[in-house]
Amino acid sequence: MTGAGMRCDVVVIGAGISGLAAAAALSASGVAVICLEARDRVGGRVLTLEGSGRHLDLGATWFWANETAVADLLVELDLGSFQQRTAGDALFERDLTGPIRLDGNPVDSPALRFSQGAQSLAKGLAGKLASGVLHLSSPVTGVKFSDSRVVVTAAGGRIQASAVVMAIPPSLAAESIAFNPSLASNANEVIRATPVWMGSTVKAVAVFERAFWREEGLAGSAISYAGPFREFHDMSGPEDAAAAIFAFANAVELRRLPGADIERTYRQQLIRLFGGKASNPVEVLIMDWSRERYTTPRKPDLAASTAWFGHELYQRGDFQGRLHWASTETAPYFAGHIEGALIAGLRAARNVRESIAGPAPSRQ
């Protein structure tokens with residue numbers, strides 16, 4: 001995107017799952033769209049590292065059988081899925097005296113994974129967009145509303161449109177984008193109190209030559225009260241490709257450790273739980289989402305609560321139908337999931353079409 005004076009019908013801010021779903025739906029209905037993404041990649045909080053036949057998800061990982069929007073998109077994009085491996089016994093670590101082996105695996109529920117990683121959804125959606133719609137490395141700094149238009153200011157210039165879809169976490173938008181006029185005080189309170197899903201999470205993945213834990217009848221799953229990593233799961237690919245275990249930790253808790261080295265801490269905890277065979281991973285990957293500039297506000301509201309997910313504010317347009325919210329946090333159902341991101345993006349697309357063209361006539 002270069003220069004000033006560009007025009008379109010709708011600007012979508014954010015090329016995560018919700019933004020791409022909104023942009024694809026609007027484009028398919030003949031609406032002229034420009035989608036702006038601050039990062040140099042699509043996907044937002046879905047990020048898959050690929051190579052040597054493996055697909056390792058450093059962000060969102062699963063979907064579930066009742067999530068029909070994801071299932072429909074997989075069919076549309078001709079992408080596959082496979083069952084999360086759950087067979088074997090899980091471990092429970094109450095303290096540092098050693099893990100307890102459980103009878104079976106109460107840690108994992110039946111879930112599905114993406115054969116080519118979660119980011120394949122984002123890449124597939126981006127592939128549906130016409131040339132010139134998607135603009136990467138284009139962070140938005142300002143949105144100005146008037147009675148007849150919206151002016152969006154981004155790194156490459158200004159765009160005039162009839163409406164904007166805000167497909168980034170609401171609290172991030174409130175901190176990083178200058179709204180003119182300002183958001184109403186009651187709306188601003190809700191927005192800043194809505195946390196970023198995964199925004200305080202560190203995800204670590206250890207890749208091994210083989211899934212040694214299965215040889216011992218273990219599932220690769222664990223719950224730890226001793227921490228700092230609290231939850232562990234098998235992340236091996238389909239048909240046992242790329243044997244791996246991943247875990248979640250709270251970023252704030254990790255930083256409290258003196259001289260904390262996240263990778264070393266993760267390696268040590270793996271050995272504590274799974275024994276000496278866990279001491280030599282082929283690779284360890286760390287993703288600290290709390291440090292992602294285009295994911296998490298620099299000063300998140302410490303009192304933020306998921307109770308604000310799917311708030312009524314996010315279901316309707318603002319500024320006379322010129323601002324529409326989309327991101328997984330805004331979904332009334334499945335908030336925090338990829339399913340929620342799709343629901344929110346598609347809802348925003350429907351709402352913005354109505355704001356531009358008016359409601360469709362009722363069928364008699």
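**Group meeting: cysteines and a sheet**

Okay, let's start with the cysteines. The sulfur of C8 has its closest cysteine sulfur in C35, and that is 11 Å away, too far for a bond. Keep in mind that this is a predicted model. Looking from the other end, C35 is in no disulfide either, with the sulfur of C8 as its nearest cysteine sulfur at 11 Å. The cut-off for a disulfide here is sulfur atoms within 2.5 Å, and by that rule the count comes to 0 disulfides.

So are these two cysteines buried or exposed? C8 has 11% relative accessibility, so it counts as buried. C35 sits at 0%, so it counts as buried too. The cut-off for buried is under 20%.

Now, on to the sheet. How many strands form it? There are 7, in an open sheet with mixed pairing, and the order goes β9-β8-β18-β19-β20-β17-β21. At the edges you'll find β9, residues 100-101, and β21, residues 283-288, each pairing on one side only.

And what packs on that sheet? That's helix α8, residues 262-274, which touches β8, β17, β18, β19, β20 and β21. The direction of α8 makes about 70 degrees with that of β19, the strand at 229-234.

Let me zoom in on one pair. Strand β8, residues 89-93, runs parallel to β18, residues 218-224, and the two pair over 4 bridges.

Definitions and conventions
Residues numbered from 1 in each chain as written. Predicted model: local features only at pLDDT ≥ 70, side-chain atom pairs only at ≥ 80, totals over all residues. Heavy atoms only, no water. Pairing = 2+ DSSP bridges. Contact = heavy atoms within 4.5 Å. Axes fitted to C-alpha atoms, helices over the stretch in contact; angles between N-to-C directions. Buried < 20%, exposed > 50% of the residue type's maximum accessible area, 1.4 Å probe, protein only.
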